[in-house]
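Me: I have a structure open and would like to go through its architecture. Could you take me through it step by step?

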Amino acid sequence: MNQSNPVPDPSSGLPKAGLDIHQILKILPHRYPFLLIDRVLDLERKKRIVAVKNVTINEPFFNGHFPGLPIMPGVLIVEAIAQAGGALLLTEVEDRGDKVMMFTGIDRAKFRRPVSPGDQLRLEVEVTGWRSVPGMTAAKMQGYAYVGEKRVAEAIVSCQLVDSSRGRGSGSGDDNAES
């Protein structure tokens, strides 16, 4: 853990060493079974984050992926990378309760080794581009996933901050929001 770059506590402004699950739940809108980070070990504002996901046999996707050979789906590893990056970016947003960070792109995704129950996935995400103008915030991030010292996956993810009310129209189907 990098003690020289502690996480600021939004309520007091004092430095903290990381974020526990309760603090993550205050930042990210995701909930079980789709919350894919359990703890933040290190965070440098607008630069990088290191988070972990404890992979257990209780994960609902293991029932079908694959019976007798449980492997975490690669798309969920990329989602975990994106959630870690989202936690990093959403710490910069005061009205984050009214916002969601949505994928706008996934590039150069590579899956190197399977992730199985009992593994601890360490997610290291670095911001490579950040743009914020009134009404729009977007970012590009390089993410790596490790089990121990072995890299299991990597991807470049792009995202944009949108109002959480987007896509919650009258139900008329005229909405152009992403699904």
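Reply: The accessible surface of the protein comes to about 10,100 Å², and 50% of it belongs to carbon and sulfur atoms. Please note that this is a predicted model.

Me: What share of the residues counts as buried?

Reply: Of the 179 residues in the protein, 41% count as buried.

Me: And how many helices and strands are there?

Reply: The protein has two helices and eight strands. Along the sequence they follow the pattern β-β-α-β-β-α-β-β-β-β.

Me: What about contacts between residues at least 6 apart in sequence: what percentage joins residues at least 24 apart?

Reply: Among those contacts, 59% join residues at least 24 apart.

Me: Now the sheet. In which order do the strands come?

Reply: Six strands make up an open sheet, in the order β3-β4-β6-β7-β8-β5, with antiparallel pairing. At the edges are β3 (39–44) and β5 (99–111), each of which pairs on one side only. From one strand to the next, the twist averages 20°.

Me: What holds paired strands together in general?

Reply: Strands of a sheet pair through backbone hydrogen bonds, in either a parallel or an antiparallel arrangement.

Me: How many bridges are there between β4 and β6?

Reply: Strand β4 (residues 48–54) pairs with strand β6 (residues 120–133) over seven bridges, in the antiparallel sense. Isoleucine 49 has valine 125 in β6 as its bridge partner.

Me: And on to β7: which residue there is the bridge partner of tryptophan 130?

Reply: The partner of tryptophan 130 in β7 is alanine 139. β6 and β7 pair antiparallel over 12 bridges. Their hairpin has two residues between the strands, and glycine 135 takes a positive phi near 85° there.

Me: Then β7 and β8: how many residues lie between them in the hairpin?

Reply: Two residues lie between β7 and β8, and glycine 148 in the turn has a positive phi of about 65°. These strands run antiparallel and are joined by 11 bridges. Glutamine 142 has isoleucine 156 in β8 as its bridge partner.

Me: Which strands does helix α2 lie across?

Reply: Helix α2 (residues 74–90) lies across β3, β4, β5, β6, β7 (136–147) and β8 (150–163). The helix runs at about 50° to β6.

Me: Changing topic to the backbone. Is the peptide bond from tyrosine 32 to proline 33 cis or trans?

Reply: That bond, from tyrosine 32 to proline 33, is cis, with omega near 5°. Proline 33 sits in the loop between α1 (21–27) and β3. A cis peptide bond also joins histidine 65 and phenylalanine 66, where omega is about -5°. Phenylalanine 66 belongs to the loop between β4 and α2.

Me: What is the phi of lysine 46, and where is the residue?

Reply: Lysine 46 has a positive phi of about 60°, although it is not a glycine. Its place is in the loop between β3 and β4. Lysine 46 is partly exposed, with a relative accessible area of 42%.

Me: And arginine 108: buried or exposed?

Reply: Arginine 108 has a relative accessible area of 65%, and it therefore counts as exposed, the cut-off being over 50%. The residue is found in strand β5. Arginine 108 is not a glycine, yet its phi is positive, at about 50°.

Terms used
Residues numbered from 1 in each chain as written. Predicted model: local features only at pLDDT ≥ 70, side-chain atom pairs only at ≥ 80, totals over all residues. Heavy atoms only, no water. Pairing = 2+ DSSP bridges. Helix = DSSP H or I, 4+ residues; strand = E, 2+ residues; numbered from the N terminus. Axes fitted to C-alpha atoms, helices over the stretch in contact; angles between N-to-C directions. Contact = heavy atoms within 4.5 Å. Buried < 20%, exposed > 50% of the residue type's maximum accessible area, 1.4 Å probe, protein only. Areas by Shrake-Rupley, 256 points an atom, 1.4 Å probe, with all protein chains shown as cover.
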